[in-house]
Amino acid sequence: MKKGIIATIVLTAVSILPVAAQEVVAKKVPYIDFGNTAWIIVATALVMFMTIPGLALFYGGLVRRKNVLNILMQCFIIMALISIEWVVIGYSMSFGSSHGFLAPFIGGFDWAFLRGIGINDVSPYFISQENARIPHILFILFQCMFAVITPALIIGAFAERIKFKGFVVFTLLWALFVYNPIAHWVWSSDGWLFKLGTLDFAGGTVVHINAGIAALVMAVMLGKRKDYRGHAIPPHNIPFVVMGAAFLWFGWYGFNAGSALAADGLSVSAFLVTHIAAATAALTWAIIDWIIERKSTLVGISTGAVAGLVAITPAAGFVDLTGALVIGAVVSIVCFFMVAVVKQKFGYDDSLDAFGVHGIGGVIGAILTGVFATPAVQAAYSGALYGNIHQLAIQLMAVSVTIVYSGGMTFVLYKVVEKFVGLRADKQEESVGLDETMHNEIAYTTID
Amino acid sequence: MKKIEAIIRRSKFEEVKEALHDADIQWFSYWDITGAGKEREDMVVRGQVFESSYIQRRMLSIVVRDQNLEKTIKAIMDASRTGELGDGKIFVSDIEETYRIRNGQKGADSLY
């Protein structure tokens, strides 16, 4: 009996020994952490949800009834097309490495078709968890959803007047020649903007400014809608708009908190500021609506929430609660002014305010990141408010570079696609409606 | 027999329905209708205020015997009038023949 007890004690002690040793010597090699991986899998799904149904419904509800299917189709086909583009070549171009003088500007073809990447390989990218990482494949998928939603944002600019075939060709070329390079510059460790110290946590420049400027260029080049009378055309389904905005808010938790690539304090901090910025911006817009028209509108509060989410995107992993409150309030005021006053003054038909909300919101967010970045969140980064004016200058530079490249390249792509494929829907197609003319479908029937 | 087509405010519909019921007019069709008229409504979309001429109304279509024409029109008018611009219109036209589908009966009596 005594021998048995001693044996048990000794065996137990011996079996604990390796574990104890392991805890004393912490893992110094990158490995796949299951907790982080689980969260980022969910985050990836959340970002997918932002494109369809989130953005699809948000934009779909804002257009006229005869064009709603066209909007939904554009979002859906982008999900299909760009997902494939991403794994075939996009990821390699954006996050891969090329050699020689092009390395800071674009990746190579080493990872085309995800060649050489095993399912148990560890992601080369991490934020605050150097060793507790996610699988490489998961990082690729997570980034895929960003590559998908960015061109989808642009559709707001040319809604109700674009040919479907031209749109598909334009979108593919845009993903290849505008999104992938800019993603490389800002997010790849080789990228020149990254090396200069640009702070963009989840895509203020890469996603929102990029898409927003492209949207402005497309809106101007394609010209106004036939029925545009200098003001917004009433939305056909405001419940869709609200649902879409709610889905976007929900999915944005994955967009921002997921960009921490871990389920840690940084991720939760990003979650907090994302939520508060959205809430602040929504409330601010509702208040402005009230001040101007004595009534808070649903379209307004939905737009406000989205504007707040856009602006906090680059800042999510760098600012604290104060930053979130200020960013939310400021972006709402500026975007309201852009959408309600400036757009009418300049007379361009940015149908669904892709530039007014995403473009301008992204600019505000990227610049304010350079102000409110606080070492209390990530010790290595600080903004102008904490004595680092340099960061603000870098942000301004990155914003300018993005605007120039995205605008210029989009213009070139417009010219090319317009000439060889055709982009602008003609008067007849616009009058009948794109659902019928592009897809042979009618969204709502009064017959059975 | 006469057909009465009345375009009234949607907010007045329940009152008109009750007034017609009180006048013993029970059978009619109605649908939502959008029109252009003298009235202008202010619409706001994303902070942009503009005048909309999308005027939403409700249309009723009632076929009555000649002797009930006056009381039907009076019921509709009294119930739907507010005195403001945009109260609506009533049109009266002649109906040549009426049939009840269930038993093929024709004539004014088939209205009820």
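In chain B, Glu15(B), Val16(B), Ala19(B) and Leu20(B) of helix H1(B) meet Thr72(B), Ala75(B), Ile76(B), Asp78(B), Ala79(B) and Ser80(B) of helix H2(B), where two residues are in contact if their C-beta atoms, placed from the backbone, lie within 7 Å. This is a predicted model, in which local features need pLDDT of at least 70 and side-chain atom pairs count only at pLDDT 80 or more, while totals for chains, interfaces and linings use all residues. Residues are numbered from 1 along each chain as its sequence is written, and chains are lettered from A in the order in which they are written.

**The helix pair in chain B**
- The residues of the contact of H1(B) with H2(B) divide into six nonpolar, two polar and two charged; Ala, Val, Leu, Ile, Met, Phe, Trp, Tyr, Cys and Pro count as nonpolar, Asp, Glu, Lys and Arg as charged, and the others, Gly among them, as polar.
- The axes of H1 (residues 13-22) and H2 (residues 69-80) of chain B come within 8 Å and cross at roughly 150°, which makes H1(B) roughly antiparallel to H2(B), a term for angles over 145 degrees.

**The helix pair in chain A**
- Helix H5 (residues 164-187) and helix H13 (residues 389-420) of chain A pack at an angle of about 155°, with their axes 10 Å apart, and H5(A) and H13(A) are therefore roughly antiparallel to each other.
- The residues that make this contact include Phe170(A), Trp174(A) and Phe177(A) of H5(A), together with Tyr405(A), Met409(A) and Leu413(A) of H13(A).
- The residues of the contact of H5(A) with H13(A) divide into 13 nonpolar, four polar and no charged.

**Where the chains touch**
- Eight residues of chain B are in contact with 15 residues of chain A, and strands E3 (41-45) and E4 (48-52) of chain B each supply at least two residues of the side that touches chain A.
- The residues on that side of chain B divide into five nonpolar, two polar and one charged.

**Nonpolar cores**
- Ala215(A) and Ile327(A) touch the most other members of the largest nonpolar core, which has 148 residues; such a core is a set of buried Ala, Val, Leu, Ile, Met, Phe, Trp, Tyr and Cys residues joined through C-beta atoms within 7 Å, and a residue is buried if 20 or more other C-beta atoms lie within 10 Å of its own.
- Helix H4 (residues 136-154) of chain A contributes the largest share of this core, 14 residues.
- A second, separate core of 10 residues includes Ile8(B), Leu20(B), Ile62(B) and Ile76(B).

Key:
Axes are lines fitted to C-alpha atoms, for helices over the stretch in contact, and angles run from 0 to 180 degrees between N-to-C directions. Helices (H or I, at least four residues) and strands (E, at least two) are DSSP runs, numbered from the N terminus. Angles under 35 degrees count as roughly parallel, over 145 as roughly antiparallel, 65 to 115 as roughly perpendicular and the rest as oblique. A residue is buried if 20 or more other C-beta atoms lie within 10 Å of its own, exposed if 12 or fewer, and partly exposed in between; C-beta atoms are placed from the backbone.
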